[in-house]
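Let's take a friendly walk through a structure together. Keep the sequence and the 3D view open as you read.

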Amino acid sequence: MSLQRYLIKRLLVMIPVLFGVTLLTFSLTKMLPGSPVDYILQFQETTPGLRDQLRAQFNLDEPVYIQYWLWLRDAVMLDFGDSLISDRSVSGAILTRLPKTLLLGFMGFAIAISIGIPLGVIAAINNGNTVDEASRVAALIGIATPNFWLGLMLLLVFSVQLGLFRVIPPDKAVLSPAMLKFVILPAITLGTASSALIMRLTRSSMVEELNKDYVRTAKAKGLSERTVIVKHVLRNSMVSVVTVAAIQVAFIVNGSVVVEQVFSWPGVGRLLIDAITQRDLPVLQAIVLMIAVTIVFVNLVADLLYSWLDPRIRY
Amino acid sequence: MSANDEPLLSVDNLQTSFYTEEGEVKAVNDVSYQIDRGERFAVVGESGAGKSVTSLSLMRLIDDPGRIKGGDVTFRSTSAVAKLARQFPEGVATENRSGYIHVDELRAESGSVGSDPGATVRDRPTEVATSLHDGSLHVEAGHVDVLDAPDEAMQELRGAEIAMIFQDPHTALNPVYTVGEQIAEAVRKHLDMGDAAARERAIEMLDRVGIPDAEERYSDYPHEFSGGMQQRAVIAIALSCDPSLIVADEPTTALDVTIEAQILDLLKELSDEEDVAIQLITHDLGVVAELCDSVMVMYAGKPVERSSVEELYYDPKHPYTVGLMSSIPRIGDDRDRLDTVPGTMPDLVQLPSGCSFHPRCPYAEDACIQHEPPLVDTETGEPIEEPDADIHTAACLEYTGDLQDGVEFDVQIREDAAADGGESV
Amino acid sequence: MSHESQRTTTTERGRIRVTGFDTSVFEDRDERFDWQQDESTVSRDRLTRAWERFKRNRTALVGLSIIALMLFTTIFARPIVIEGITVQPFSLAPFDPTNSNFAALNEAPTATHPFGTDWSGKDILSRVMYGGRYSLTIGVITVSIALSVGVPLGALAGYYGGWIDEVIMRLVDILYAFPFLVLAIALIAVLGQGFWNMITALVLVVWISYARLLRGEVLSVKENEYVTAAKALGARDRSIIFRHVVPNAMAPVIVQATLGIGTVVLNAAALGFLGLGLEPGSPSGAACSPAVAVA
Ligand code: SF4
């Protein structure tokens, strides 16, 4: 069966998932105590007319399924209305912050991959000896360290004690080379746990692959150790590493919520926390939906990559 | 003495152990044998007898926690010697230096070696290498000490001079590369060919091992091949660089019976036509009969019987061999049940005292518990100095005259339906 | 004997028959011929051997001792009283973790307060020791509940396939699209803060990975012959699933669940850090107790 048909099938499966995702996002935020109208009315003189007017503005006078439909229709057009707090459009607010979160996320991911995979390979080749054990302990510590704690420690050591980095970025900072300097510590914080996970997975799948018969065939052909490892073993391990690397995207999003808080990084994660504490419903809905949809697509890409990497998988 | 009279491969007192938590597992315990050019040699035994470890040892493919403890593996191939001497002149043994590449006889095209007409070639390995390279010298005889060769030299030998075929073709091929690429890869490495030429060669090889539409099948992945075709592809890899020895480790065990016959036919045909020697490892004496010239039976890491295939079939000497033979199912068998060899191979960490086979040997006597039988000439009872395919040897106290009751069994050769002829030992 | 010319005969099976290899002698043979292995290497049972192997694994040993230490300090940090009866009278924590000492706010570590005090003058060491209780119980309870949701659903999806599988797996896919923290944050925002609310939120995001993992395992286990055999014998689906399939598919789920306790504790801590953890006032020292995942 061709890749094309698989792609079509895979895309069809996404329809109910995306539908469910929007429904869940909508109903979760619906269930939040306190409606936006109550929130606005906190600060204003209440007149009966105003309340009705506001209810109409937020479509609250419609039945719930109509509300959902209207919200969904607008969401598809990326129109999430205005923030309750800042009076800016939600899309605008997210868009100004998105590049910063993307920068942080990509850096964190890059760190995770570029440390995790080589370390995993080294540990696997040294299977069982001190190098292996040391890297496994390191990975264990990496996984067990809470990222907010690691972030605080890095802040403490590198900026407070050593004064090496100015860590709190200016709130209006744009995506620029200057930002690179600010991004280093948060990216390390973000990437540490992921790199440890990737390292462990690379190691275990390499160890598994190293014991397979084709490795012996490759050696019996007279290929050098290096060629056997890189061309044959690593290539096979990547099949499973890629899948987990995709899951790491969700993990990174997770982490960025916390890390942005620690480092006062002006990204979407902080916006999310602010939206929750301030009950800024439209913003909350938009961010949650955006994250979920992204992850659905990342998983799609991972699946495609997976079937491309492993020729045995053809649906 | 011409080099071609000497065996292609001599294994002498090979010892390989695995160091595990339970102790030292002596997987190969003092094994010697030799294989002539173009000969088909079988190593037979149950699993755990040390057959595979023997083969992997001579390929130097023993991984941790295994280690080759001792012995010699001498590989007498002029092409291997020439190739290695050219690439690793520092490894050539001379009168005042030891090395793993031994150039015994050279034929010089121009009549001299290097710049000094009077110098013996053995003094000047580097110049020999240059002269080999420019074609003014040819190696006529020589050998490689396989166990002393460094890893880089081993990589030149593997695949190019000694190739291997594995038990399970399904797992022996890398799932993520095309079958063609896996052949071409070896060709590029050993035959100095570019991509296009290597591809041509790979297709040729696929065709040679009987894969139809070789050109199209080149870009198939292993999972798109059937089991038999996969094994043919593995054979194509082994054959691709013109080796002089192919080690086939249970090449048909994972295949069904009809495919097994085809693969055995193919191996036989290839070894005849390409003049390549085969070391066949198997637990199946039936396979041995179909393919091989001589045979070594192993039990618990040691050889227990060695002879030509005919001798072994018509006149087995060691009780273990007898046990193995009586367990081969036969067409028209009129026995009530098959006599298999009862019991299992002992733990190689702690071998039984005396003859390792005694717990499973129906002829065992007290002497067998106390004395370990040496491998002796079954005619004379004398220990043999060197492995010799013409001498029938076995390691059983029967042949040193230490048994009181002796070993008794009958070999019946059935000419027709009726059984006649038989002998008692 | 002449068999020089008989090369061809050997290639035909069935020509030679060997008799006299009489295996019946073993039945009444003297036992001095039986070779016995040294007892020390073989006759140990599985648990002992597993323990031997475990002892040799340094990482595992270190992990185990850390867990033991944590369990010890959290259990003995403060007395445990159940319905008026003191079950555990010891109190290792130097101070009451809930007691504020307004004379010592935000103190740096001293001899009296080795970890210092927090903004309300509570002893941090005591809070860490006591807070471990929350961390560990949250981890264990969450994972147990998540298992009891994820395992049946995963087993059903894997065993029956078809629309049951589709529905369950799409649900899993949907939840999978929400990162752990994002979903937990949203849920806590809806449910409000508190011990059980936190656990509910965590369970909702944790069970999906167990269901996914178990489904995959079940898919391969159900192909096994013993399952076919059980079916052929007319066993009911329920007993096949829970007696034959699930026990054989659980191994990776159990490994995942063990590691999951650590992840849950970390996430609970992160929620705490974001101000969405337990109600203010409870020793959220939980937030800082190290989570150790044993490899
Ligand atoms: S030496 Fe004794 S135990 Fe060993 S094979 Fe011969 S008869 Fe059997």
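## Charges over rings

The charged end of A:K231 sits over the ring of B:Y177, at 5.3 Å from the ring centre. For a charge to sit over a ring, NZ of Lys or CZ of Arg must be within 6 Å of the ring centre and within 35 degrees of the ring normal. Here is that pair next to another of its kind.

| Charged residue | Ring residue | Distance to ring centre |
|---|---|---|
| A:K231 | B:Y177 | 5.3 Å |
| C:R212 | C:Y176 | 3.9 Å |

Before going on, a word about the model. It is a predicted one, in which local features need pLDDT of at least 70 and side-chain atom pairs count only at pLDDT 80 or more, while totals for chains, interfaces and linings use all residues. Residues are numbered from 1 along each chain as its sequence is written, chains are lettered from A and ligands numbered from 1 in the order in which they are written, and side-chain values use heavy atoms, with hydrogens and water left out.

## Rings that pair

How many aromatic pairs are there over all chains? The count comes to 11, where rings of Phe, Tyr and Trp (its six-membered ring) pair if their centres lie within 6.5 Å; planes under 30 degrees apart are stacked, over 60 edge-to-face, and the rest tilted. B:Y320 and B:F357 make an edge-to-face pair, with 5.2 Å centre to centre and 65° between the planes. B:Y320 belongs to helix α13 (residues 319-326) of chain B and B:F357 to the loop between α13 and α14 (366-370), so the pair ties together parts that are 37 residues apart in sequence. Helices (H or I, at least four residues) and strands (E, at least two) are DSSP runs, numbered from the N terminus. B:Y320 is buried at 0% relative accessibility, and B:F357 is buried at 2%; buried means under 20% relative accessible area, exposed over 50%, and partly exposed in between (1.4 Å probe, protein chains only). In chain A, ring pairs link A:F19, A:F26, A:Y68 and A:W71 into a cluster.

## Where chains A and C meet

Contact means heavy atoms within 4.5 Å, and 39 residues of chain A are in contact with 31 residues of chain C. The area buried between these two chains is about 3000 Å², and carbon and sulfur atoms give 79% of it. Buried area is the accessible area (1.4 Å probe) that two parts lose on being put together, summed over both. On the chain A side, A:L28, A:F148 and A:N254 lose the most area to chain C, together 18% of what that side buries. Among the elements that give two or more residues to this side are α1 (3-31) and α10 (225-262) of chain A. With 9 residues, α1(A) gives the most.

## Two places in chain B

Is B:S244 buried or exposed? B:S244 is buried, with a relative accessible area of 17%. It lies in the loop between α9 (227-239) and β8 (245-249) of chain B. Leaving aside neighbours within four places in sequence, the contacts of B:S244 include B:L8, B:F75 and B:E161.

B:G180 is in helix α6 (residues 179-191) of chain B and is buried, at 0% relative accessible area. Not counting residues up to four places away in sequence, B:G180 touches B:A202 and B:Y218.
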